Amino acid sequence: MSARNASNSLEPREEWGTRLGFMLAAAGSAVGLGNIWRFPFVVGESGGAAFVLIYLAFVLLIGLPLLIGEISIGRGGRANAMDSYGAVTKSKKWKFNGLIGIIVNFMILSFYSVVSGWAFYYFILALTGNLVAEDRDYGSSFGGFISDPLMPVVWQLLLMAIIIFIVMGGVKKGIERWNNILMPTLFVLLIVLVFRSVSLDGAGEGLRFFLEPDFSVINSGVILAALGQAFFSLSLASGVYVTYGSYSRSSSSITGNAGGIVFLDVMVAIMAGLIIFPAVFHYGIDPGSGPDLVFITFPAIFTDMPFGTVFAVIFFFFIFVAALTSAISLLEVVTAFVKERFNISRKIAAPVTGLVIAIVGVFASLSFGVLSHVTLIDRTIFDLLDFLSAEVLLPFAGLVMSIFLGWIWKPAAVKAEIEKEGNRFPLFTLWSFLIKYVIPLVILIVFLDSLGII
Ligand code: TRP
């Protein structure tokens with residue numbers, strides 16, 4: 001137990017209160033809008049079940065092994081996302097990969113806060129009994145809301161203020177306490193909604209779209225999207241597991257935690273699909289309608305459901321909470337970096353960082369309205385932030401991380417970190433083969449394929 005003190009003679013590092021603290025906070029980061037909002041709309045745009053299968057394959061083959069490695073870097077390095085790379089190898093060269101992660105968190109939070117703000121607004125609408133009536137026209141009022149220059153920005157900034165407040169509270173009192181309450185609530189709510197949705201008339205068609213693969217829809221864009229979704233949904237290669245891992249004790253089981261995080265994340269995504277697609281087909285909504293999908297579909301479900309108002313409140317509370325715990329992690333990664341690099345307190349680092357992100361975020365919000373004509377490679381500011389982070393920078397950081405783990409820090413050292421206090425590393429040989437050869441190659445091939453090079 002004293003190893004952590006011996007390894008750090010300076011100020012003691014903040015730490016989770018319990019073993020479950022890391023697990024819930026990490027799952028809280030992974031489970032979010034990526035599962036409930038992004039997953040269904042990307043599945044819808046990518047033609048359904050075949051995409052889901054490729055996504056699952058990426059999660060198991062690439063996601064889980066990298067997750068194990070990423071937590072190890074943090075627990076071994078005991079520093080922020082960037083400096084931990086240097087701390088485990090004594091080589092400064094690889095820190096750039098941590099820096100990419102920190103930049104990605106910045107970029108993601110700037111558009112993630114927009115959608116979290118929408119969810120916040122919908123929750124309040126539901127709570128005040130205004131949601132159902134307003135959206136009887138399946139989404140036209142939603143389109144009006146998100147393209148408004150003021151309203152969505154107000155909700156976005158409110159949300160940023162909440163997460164700044166929580167991150168200022170620190171690891172144990174802020175992040176851990178909130179996740180402990182919020183995460184379990186979330187699972188109960190989801191299960192109720194799955195039952196409701198699969199018993200709708202015409203649920204079968206939606207279930208077939210979601211579960212019966214048609215491989216003719218697969219192309220290089222779909223494969224890259226599946227890879228991007230796997231990284232995004234798991235918060236992978238972004239430094240959050242390095243940061244959160246650095247607050248955990250050496251006695252915690254890294255492989256057990258990684259397995260738990262992947263399991264929870266996949267379960268929530270699948271449940272979200274089981275809720276959304278039966279309803280999408282029941283109401284004749286276009287599954288490929290993009291970022292609007294969830295916000296159009298749900299009000300429709302609740303409109304003619306017995307006790308619809310109650311379920312609407314529960315559901316939007318759920319999305320809001322899931323978004324909140326992920327947004328907290330996004331801000332924490334950048335804050336931990338700013339705090340340690342510039343040697344300032346958490347109380348200053350969190351609001352300053354949050355404010356800068358909020359300013360960029362306003363432009364992302366406005367790209368649904370007044371700035372919708374501002375595009376680059378055919379994408380609005382919002383879409384560009386999403387595409388660059390999920391489908392370019394995260395898989396790239398994952399590629400570099402696999403090389404770092406397999407060839408620089410080396411599998412034997414990762415194993416030593418994992419087994420430090422009596423934990424075991426099952427399937428180590430397989431892990432090391434995947435990390436050294438399979439993962440870098442697969443990511444490289446997906447990249448080259450999507451660029452049309454092979
Ligand atoms: N994974 C979260 C979700 O599914 C979002 C998220 C939090 C994230 N931190 C991240 C995504 C870091 C990518 C990188 O909603």
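Colleague: Let's start with Asp 386: buried or exposed?

Modeller: Keep in mind that this is a predicted model. Asp 386 has 10% relative accessibility, so it counts as buried.

Colleague: Where does Asp 386 sit?

Modeller: In helix α18, which covers residues 381-408.

Colleague: And which residues is Asp 386 in contact with, leaving aside its neighbours within four places in sequence?

Modeller: Arg 38, Phe 111 and Glu 391. Arg 38 turns up again on the list for Phe 232, which touches Gly 34, Arg 38, Ile 108, Phe 111, Tyr 112, Ala 390 and Leu 394 once residues up to four places away in sequence are not counted.

Colleague: OK, Phe 232 then. Which helix is Phe 232 in?

Modeller: Phe 232 lies in helix α12. At 7% relative accessibility, Phe 232 is buried.

Colleague: Now α12 itself. At what angle do α3 and α12 pack?

Modeller: About 175 degrees, and the axes are 11 Å apart. An angle over 145 degrees counts as roughly antiparallel, so that is what α3 is to α12.

Colleague: Which residues of α3 and α12 meet?

Modeller: From α3 you have Gly 34, Asn 35, Arg 38, Phe 39 and Val 42. On the α12 side they meet Ala 225, Gln 229, Phe 232 and Ser 233. By class, the contact of α3 with α12 divides into four nonpolar, four polar and one charged.

Colleague: What about α3 and α14, what's the packing angle there?

Modeller: Helix α3, residues 33-45, packs with helix α14, residues 254-282, at about 60 degrees. Their axes are 9 Å apart.

Colleague: Is the crossing of α3 and α14 left-handed or right-handed?

Modeller: Right-handed.

Colleague: Which residues meet between α3 and α14?

Modeller: α3 brings Asn 35, Ile 36, Phe 39, Pro 40, Val 43 and Gly 44. α14 brings Asp 265, Val 268, Ala 269, Ile 270, Ala 272, Ile 276 and Phe 277. In class terms, the contact of α3 with α14 has 10 nonpolar, two polar and one charged residues. Asn 35 and Phe 39 are also among the α3 residues that meet α12.

Colleague: Switching topic: how many aromatic pairs does the structure hold?

Modeller: There are 43 aromatic pairs. One of them is Tyr 121 with Tyr 122: the ring centres are 5.9 Å apart and the planes sit at 70 degrees, so the pair is edge-to-face.

Colleague: Are Tyr 121 and Tyr 122 buried or exposed?

Modeller: Tyr 121 has 12% relative accessibility and counts as buried. Tyr 122 is at 1%, so it counts as buried too.

Colleague: Next, Ser 110. Where is Ser 110 placed?

Modeller: In helix α6, residues 95-127. Ser 110 has a relative accessible area of 0%, so it is buried.

Colleague: What does Ser 110 touch, not counting residues up to four places away in sequence?

Modeller: Gln 156, Ile 357, Val 360, Gly 361, Ala 364 and Leu 385. Ser 110 and Met 160 are 9.7 Å apart, C-alpha to C-alpha, and 50 residues apart in sequence.

Colleague: Backbone check now. What's the phi of Ile 377?

Modeller: Positive, about 30 degrees, although Ile 377 is not a glycine. Ile 377 is in the loop between β1 (375-376) and β2 (379-380). With a relative accessible area of 56%, Ile 377 is exposed.

Colleague: And what's the phi of Leu 427?

Modeller: Also positive, at about 55 degrees, and Leu 427 isn't a glycine either. Leu 427 is placed in the loop between α19 (411-418) and α20 (428-450). At 64% relative accessibility, Leu 427 counts as exposed.

Colleague: Last one: where does Leu 444 lie?

Modeller: Leu 444 lies in helix α20. At 40% relative accessibility, Leu 444 counts as partly exposed. Leu 444 and Leu 399 are 45 residues apart in sequence and 7.6 Å apart in space, C-alpha to C-alpha.

Methods. Residues are numbered from 1 along each chain as its sequence is written. This is a predicted model: local features need pLDDT of at least 70, side-chain atom pairs count only at pLDDT 80 or more; totals for chains, interfaces and linings use all residues. Side-chain values use heavy atoms; hydrogens and water are left out. Axes are lines fitted to C-alpha atoms, for helices over the stretch in contact, and angles run from 0 to 180 degrees between N-to-C directions. Helices (H or I, at least four residues) and strands (E, at least two) are DSSP runs, numbered from the N terminus. A crossing is left-handed if the near helix is turned anticlockwise from the far one by less than a right angle, and right-handed if clockwise. Contact means heavy atoms within 4.5 Å. Ala, Val, Leu, Ile, Met, Phe, Trp, Tyr, Cys and Pro count as nonpolar, Asp, Glu, Lys and Arg as charged, and the others, Gly among them, as polar. Rings of Phe, Tyr and Trp (its six-membered ring) pair if their centres lie within 6.5 Å; planes under 30 degrees apart count as stacked, over 60 as edge-to-face and the rest as tilted. Buried means under 20% relative accessible area, exposed over 50%, partly exposed in between (1.4 Å probe, protein chains only). Angles under 35 degrees count as roughly parallel, over 145 as roughly antiparallel, 65 to 115 as roughly perpendicular and the rest as oblique.
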